[in-house]
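Me: I have a structure to go through and would like to talk about its side-chain contacts. Can we take it step by step?

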Amino acid sequence: MKNNLYLTLSLNKYLYGINTVYVEEVFNLPELTTISEVPHGIIGFVNLRGKILPVIDLNLKLGYLSPDYRLTDSIVVLKCEDFQLGMIVNQIHEIRELSFEKISTELNSPRLLVEQQANTNMIAGIVNFPDDIFILNEPKQWLEDSEIKQVLSLSKYLQKENYDNYDETQTHDSESLLLQKSIFYPNATLEARKVLKQRADHLRLPTKNQDFQSFKTLAVITLNDHFFGIDLEMVREFVEIHQVTPIPCCPAHIIGNMNLRGEILTVVDLRGLLLNLPPQGVVVGSKAIVIEVEGIVAGVIVGEIYDVMFSLNLQKVMVIPKTINTINEQYCQGATLYNEKTMHILDIPKIFLQGGLIVDEVI
């Protein structure tokens, strides 16, 4: 039984999954430049480190009305053989491991717009556990060959014309492409437009001008309505907890062992360590992040997984506000803002190696 990893994401209140082999990176929605005469579904272009990236809105390709865009939207960059394609999404969720046997090609879910002749070429199948996940086909099937050639031609044209420096009402060469800046996201406020432009300006910087050491990718989780960030380099995978066997004579934070594809995984609850709250144990639908630190592997119970690829600018990490006294600061590296709320960055090595999670007692 072959398993693949799928990045799950929300589009217009529906849940989709795409094989992670196609995923290159994720970033927050920037300002996009729109032009006339583009293939259906292509909503704009963005300069990604000197290369023009076309961006697609799958809502349009699937037959839905495109919702209003938001600053919290993201773009997932996909590799499509000889070109890249950006996909706008409303929210990134966890990465799930799925077997081919779980993916049904019978697209009979009432939530899918099959009866209304939506573009079913984009859907490879559906997974019905624990909720409907529509598995997206490989990106090259989202566009016709002629549309791919058109997108590639437009991207090369925009790169040649250095569109960032042109007036939005000016036309160029025989193709007569009219640049239409500011049409994308027409309902954005002035402040939102500033944020979009700042994001686009940052993405435009070539790799050699970016200090990647000042950025870290985090998984964002919640515990009792508190946001926490975990260094993604220490995250092995995201799993659902189905059955845990209690371990006698262990501290309260050691919930028990679970079988993870033949591997015995110890499940722990950090609430008592971080929040001075009693562990809540495992309930139906509980989730865990499998973390590995210096050879120590454990499953950490979480409330929700909000983001699996949050790019944190380390220069924006701040000292934990003194008004927040419910968090055990000794196990946090600092705080930052996430969706306008305070998020604490966990010191995972310290938690695992010095937080009392390791039990060396012989029973």
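Reply: One term to begin with: buried means under 20% relative accessible area, exposed means over 50%, and partly exposed is in between, using a 1.4 Å probe and protein chains only. By that rule, both Phe227 and Tyr338 are buried.

Me: What kind of model is this, and how are residues numbered?

Reply: This is a predicted model, where local features need pLDDT of at least 70 and side-chain atom pairs count only at pLDDT 80 or more, while totals for chains, interfaces and linings use all residues. Residues are numbered from 1 along each chain as its sequence is written, and side-chain values use heavy atoms, with hydrogens and water left out.

Me: How many aromatic pairs are there?

Reply: Rings of Phe, Tyr and Trp (its six-membered ring) pair if their centres lie within 6.5 Å; planes under 30 degrees apart count as stacked, over 60 as edge-to-face, and the rest as tilted. The count by this rule is five aromatic pairs. One of them is Tyr16 with Phe134, a tilted pair with 5.6 Å centre to centre and 55 degrees between the planes.

Me: Where in the chain do Tyr16 and Phe134 sit?

Reply: Tyr16 is in strand β2 (residues 14-19) and Phe134 in strand β10 (residues 133-136), so the pair links distant parts of the chain, 118 residues apart. Helices (H or I, at least four residues) and strands (E, at least two) are DSSP runs, numbered from the N terminus.

Me: Buried or exposed, those two?

Reply: Tyr16 counts as buried because its relative accessibility is 1%. Phe134 is buried too, with a relative accessible area of 0%.

Me: Back to Phe227 and Tyr338. What is their ring geometry?

Reply: Phe227 and Tyr338 form a tilted aromatic pair, 5.4 Å centre to centre with 55 degrees between the planes. Phe227 lies in strand β12 (residues 226-231) and Tyr338 in strand β19 (residues 332-338), so the pair ties together parts 111 residues apart in sequence.

Me: Which residues are in the cluster linked by ring pairs?

Reply: Phe227, Tyr306, Phe310 and Tyr338.

Me: New topic. How many salt bridges does a search of the whole structure find?

Reply: Eleven. A salt bridge here is a side-chain nitrogen of Lys or Arg within 4 Å of a carboxyl oxygen of Asp or Glu. Among them is Arg49 with Glu25, at 2.4 Å from N to O. Arg49 lies in the loop between β4 (42-48) and β5 (51-56) and Glu25 in strand β3 (residues 23-28), so this pair ties together parts 24 residues apart in sequence.

Me: How accessible are Arg49 and Glu25?

Reply: Arg49 is partly exposed, with a relative accessible area of 27%. Glu25 counts as partly exposed at 21%.

Me: Which residues are linked in a network of salt bridges?

Reply: Lys197, Asp201 and Arg204. Asp201 meets Lys197 at 3.0 Å, N to O, and Arg204 meets Asp201 at 2.8 Å, N to O.

Me: How are they spaced in helix α3?

Reply: Asp201 and Lys197 are four residues apart in helix α3 (residues 190-204), so about one helical turn separates them. Arg204 and Asp201 both lie in helix α3, three residues apart, about one turn of the helix.

Me: And their accessibility?

Reply: Asp201 counts as partly exposed at 29% relative accessibility, Lys197 as partly exposed at 42%, and Arg204 as partly exposed at 28%.
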